[in-house]
Amino acid sequence: MSSHAAASDTDSVLRGVLQDVLGLAADRVAAFTPETGLFGHLPELDSMAVAGLLTEVEDRLGIVIEDDEVDGEMLETYGALLTFVQAKRG
Amino acid sequence: MIAAWPSPAGEEYALAFDKHRSRRVLVLPAWFDESNKLRHFAVEVMRRLDGAGVDSFLPDLPGCNESLAPLEAQTLASWRAEAAEASAYFSATHVLAVRAGAMVAPEALPGWRYAPLAGSSQLRGLLCARVLSSREAGRDENREALLAEGRDRGLELGGYRLGAAMIGDLEAADLPQAAQQRDVAQGDLGGAGLWLRAEPDHDSRQADALAAIIAVELLA
């Protein structure tokens, strides 16, 4: 798989997980931009929901996210989370 | 609909669809936060089973839902004993274990484990949520230190006060072997697991799908 394909695959998996966590229609989540705010911006996205989101991302992408990698900045926007997950996938 | 059952820890409630039919399914609920998100789903599956001529029972485990027993005093072994007691009391012929409910499903009962979750994975998710909410509140906590504290003195995770013994139990808890029980994956139901939802939600198609899987195998 080329790195470009892997990057777009990560993007679609991450949008899929957000869609499932937030209970949004696919077109709503497709409209997320890198600046779209997540943790701290969406009131329903509490710590329990984010923990579930991260676990699901781990499962679907076969990565392990360590505690010390999780911080507010990485969860603040869609773009920051995507960048983090893409880096994890190498 | 609401029945009482004599758990070893005292009287507990159960939701029951009991018409003294021959097929009787013990439903073991998901745990902690997931139990809230999956209760509507579990009850809707039971309602459909009732319509298909199958009795079912959803007991409160001690320390959960309406139970007055202290959650902090519970252990994996005590919940296993309670699940076995509920199975005997309601004369269950089958079990449907939901998520971490699979950890306490009576081994001898045939049945299904829906999206089973190991105790260790449940604990990992709860710890992650705790670390996140602490950081949001400006406290720097980490999993290792929390676990060490939990093994020693117990821990509050996601609003649930777990005792030291339960923390130790969960940390080491893989899914048990269950030759009698078949795993039903989320993919078999279609859609996303309702435990993932930030706000509790329901999906009647998923309840239809799980009830159909069970009814078809039970009534075959």
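In the predicted model, Glu149(B) forms a salt bridge with Arg153(B), with the closest N and O atoms 3.9 Å apart. Both residues belong to helix α4 of chain B. They are 4 residues apart, which means a separation of about one helical turn. Glu149(B) is partly exposed, at 29% relative accessibility. Arg153(B) is exposed, with a relative accessible area of 54%.

Helix α4(B) spans residues 143–153. Its buried residues are Arg143(B), Leu146(B), Leu147(B) and Gly150(B). These four lie on the same side of α4(B), because they cover an arc of only 100 degrees around the axis. That buried set packs against three elements of chain B: α3 (119–136), β7 (155–157) and α5 (164–171). The other side of α4(B) carries the exposed residues Glu144(B), Asp152(B) and Arg153(B).

At the start of α4(B), Asn142(B) places a side-chain oxygen within 3.1 Å of the backbone nitrogen of Glu144(B). After the helix comes Gly154(B). The phi of Gly154(B) is positive, near 85 degrees.

Salt bridges were then examined over the whole model. The structure holds 26 of them over all chains. One pair crosses between chains, running from Glu58(A) in helix α3 of chain A to Arg124(B) in helix α3 of chain B. The closest N and O atoms of this pair are 2.8 Å apart. Its two residues fall into separate accessibility classes. Glu58(A) is buried, at a relative accessible area of 8%. Arg124(B) is partly exposed, at 30%. The count of salt bridges between chain A and chain B is 1.

Within chain B, Glu217(B) forms a salt bridge with Arg182(B). The closest N and O atoms of that pair are 2.6 Å apart. Glu217(B) lies in helix α7 (residues 204–219), and Arg182(B) lies in strand β9 (residues 181–184). The pair therefore ties together parts of chain B that are 35 residues apart in sequence. Glu217(B) is partly exposed, with a relative accessibility of 37%. Arg182(B) is also partly exposed, with a relative accessibility of 37%. Elsewhere in chain B, salt bridges link several residues into a network. Its members are Asp18(B), Lys19(B), Arg21(B), Arg24(B), Asp50(B) and Asp55(B).

The interface between the two chains was considered next. Contacts join 23 residues of chain A to 19 residues of chain B. The area buried between chain A and chain B is about 1700 Å². Carbon and sulfur atoms give 60% of that area. On the side of chain A, Asp20(A), Met48(A) and Asp67(A) lose the most area to chain B. Together they account for 36% of what that side buries.

Polar contacts also cross the interface. The rule finds 5 residue pairs in polar contact between chain A and chain B, with both residues at pLDDT 80 or more. Two helices of chain A, α1 (3–22) and α3 (47–61), are the elements that give two or more residues to the side touching chain B. The largest share, 10 residues, comes from α3(A). By class, this side of chain A has 11 nonpolar, 3 polar and 9 charged residues.

Arg197(B) is buried, with a relative accessible area of 16%. Neighbours within four places in sequence aside, Arg197(B) is in contact with Asp20(A), Val21(A), Gly23(A) and Lys37(B). Asp20(A) is also among the residues of chain A that lose the most area to chain B. By contrast, the C-alpha atoms of Arg197(B) and Phe90(B) are separated by 32 Å. These two residues are 107 residues apart along the chain.

Technical notes. Residues numbered from 1 in each chain as written. Chains lettered and ligands numbered in written order. Predicted model: local features only at pLDDT ≥ 70, side-chain atom pairs only at ≥ 80, totals over all residues. Heavy atoms only, no water. Contact = heavy atoms within 4.5 Å. Buried area = accessible area lost by both parts, 1.4 Å probe. Salt bridge = Lys/Arg side-chain N within 4 Å of Asp/Glu carboxyl O. Polar contact = N/O pair within 3.5 Å; in protein donor to acceptor, adjacent residues only side chain to side chain. Nonpolar A, V, L, I, M, F, W, Y, C, P; charged D, E, K, R; others polar. Buried < 20%, exposed > 50% of the residue type's maximum accessible area, 1.4 Å probe, protein only. Arc of directions from axis to C-beta.
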